[in-house]
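The entries follow the order in which I checked things.

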Amino acid sequence: MVWHHLTTSFCCSNIEKARSTDPVARRALADEIRDACINVGFFYVKNHDIPEDVISSAVAAAKRFFALPTEAKAALDIHKSPNFKGYTALLGENTNPENRGDLHEGFDLGWEAFTGESRADDGVMTGENVWPDNLPGFREAVLNYYHAAVRLGKSLFPLFALALDLPENFFEDKITKPAAIMRLLYYPPQTGDVDDRIEGIGAHTDYECFTILWQDQVQALQVLNNNGKWIDAVPIPGTLVVNLGDQFARWTNDVFKSTVHRAVNRSAVERYSIPLFFGTDYDVKLEALPSCVSEDCPPKYEVVTAGEYVKSRLEATYAHSKAEI
């Protein structure tokens with residue numbers, strides 16, 4: 001376990017303790033996570049139990065996909081999907097309304113069984129994934145990583161519950177159909193004359209409870225700290241980054257931070273990352289927890305379902321490029 005001052009760096013938690021049979025060990029880990037959630041909203045995890053070959057296969061699959069001809073990728077354009085699955089072209093997304101677009105390509109997918117079944121009861125987010133033709137092994141490699149990351153995500157919820165002084169099983173009935181969206185992301189190098197209104201991905205918060213991020217060794221991810229300064233979330237081999245999103249902020253009435261972050265690739269080399277955005281079941285209402293409200297701190301947000309919230313944020317993110325399709 002390593003702990004750094006939060007204005008310059010982030011904690012690195014040994015997530016192996018989440019599987020401990022010792023409640024004291026789990027409580028100690030939850031306390032460390034609580035500190036990170038309240039103060040910065042970002043932390044690293046090690047010993048996360050996702051095999052390296054599963055990660056490397058997914059990364060290799062992503063590189064093969066983004067190397068396809070433009071027309072092959074465009075056939076899977078995300079605007080053709082009712083539930084925001086498929087391909088996002090360069091500048092097709094704009095997470096920061098003050099910017100002119102995000103300099104990355106993406107491929108989005110949601111829950112799908114290895115046998116091919118999707119879910120028919122995800123409310124406003126119901127819909128199937130789309131997959132490229134003539135790319136053998138792509139779907140299998142991507143889904144292998146997806147399901148491994150979902151298992152890791154489910155194992156984190158008891159720790160977040162403990163961190164909120166709730167029973168460890170508090171979230172169990174709220175993640176029976178995990179609303180996990182995963183993205184494969186490719187960031188080309190941003191060289192030459194730099195337009196400050198075009199970044200790899202603009203400043204934003206994530207929409208779900210938390211994000212599990214694999215990133216390569218190219219530095220790009222930055223977090224806005226409490227002093228208004230951008231801090232590098234430096235890649236650490238063998239770790240994943242976990243950052244909190246809006247659903248937890250709404251649930252906890254901002255006790256847990258949904259931290260503003262961005263990715264700026266000024267390295268002159270390509271960058272790849274794989275975030276998995278883990279939310280509750282789409283029909284769960286995002287209502288402030290009783291322990292997080294008081295007369296002095298009343299609920300800050302209107303009550304909406306997780307699905308309604310995620311879809312509204314995605315619609316806003318892609319609105320600027322929808323008219324081009």
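Entry 1, the second largest cavity. I am working from a predicted model, and I began with the second largest cavity, for which I noted a volume of about 90 Å³. I then looked up its lining and wrote down Asn83, Lys85, Gly110, Trp111, Arg119, Asp122, Met125, Gly127, Ala179, Ala180, Ile181 and Tyr282. Sorted by class, the lining of this second largest cavity comes to six nonpolar, three polar and three charged residues.

I next asked how many cavities of 30 Å³ or more the structure holds, and I found four. For the largest cavity I recorded about 350 Å³ of space. The largest cavity is lined by 28 residues, and those closest to its centre are Ile201, His204, Asp206, Pro275 and Phe277. I also wanted to know which elements each supply at least two residues of this lining; my list has strand S6 (179-187), strand S8 (201-204), strand S9 (210-215), strand S13 (261-263), strand S14 (271-279) and helix H6 (306-322). By class, I have 13 nonpolar, eight polar and seven charged residues in the lining of the largest cavity.

Turning to helix packing, I looked up helix H2 (residues 52-66) and helix H4 (residues 138-163), whose axes lie 8 Å apart at an angle of about 135 degrees. H2 is therefore oblique to H4, and I noted that the crossing in which H2 passes H4 is left-handed. On the H2 side, the residues in contact are Val54, Ile55, Ser57, Ala58, Ala61, Ala62, Arg64 and Phe65, and on the H4 side they meet Phe138, Ala141, Val142, Asn144 and Tyr145. In this contact of H2 with H4, I find ten nonpolar, two polar and one charged residues.

I then checked helix H1 (residues 23-39), whose axis comes within 8 Å of the axis of H4 and crosses it at roughly 75 degrees, so H1 is roughly perpendicular to H4. H1 brings Arg26, Arg27, Leu29, Ala30, Ile33, Arg34 and Cys37 to the contact, while H4 brings Leu159, Phe160, Leu162 and Ala163. By class, I recorded eight nonpolar, no polar and three charged residues for the contact of H1 with H4.

Key: Residues numbered from 1 in each chain as written. Predicted model: local features only at pLDDT ≥ 70, side-chain atom pairs only at ≥ 80, totals over all residues. Heavy atoms only, no water. Axes fitted to C-alpha atoms, helices over the stretch in contact; angles between N-to-C directions. Helix = DSSP H or I, 4+ residues; strand = E, 2+ residues; numbered from the N terminus. Parallel < 35°, antiparallel > 145°, perpendicular 65-115°, else oblique. Left-handed = near helix turned anticlockwise from the far one by under 90°. Contact = heavy atoms within 4.5 Å. Nonpolar A, V, L, I, M, F, W, Y, C, P; charged D, E, K, R; others polar. 1 Å grid on protein atoms, 1.4 Å probe; cavity = no way out; pocket = protein on both sides within 12 Å on 5 of 7 lines; lining within 4 Å. Points joined across faces, edges and corners; volume = space filled by probe spheres on them.
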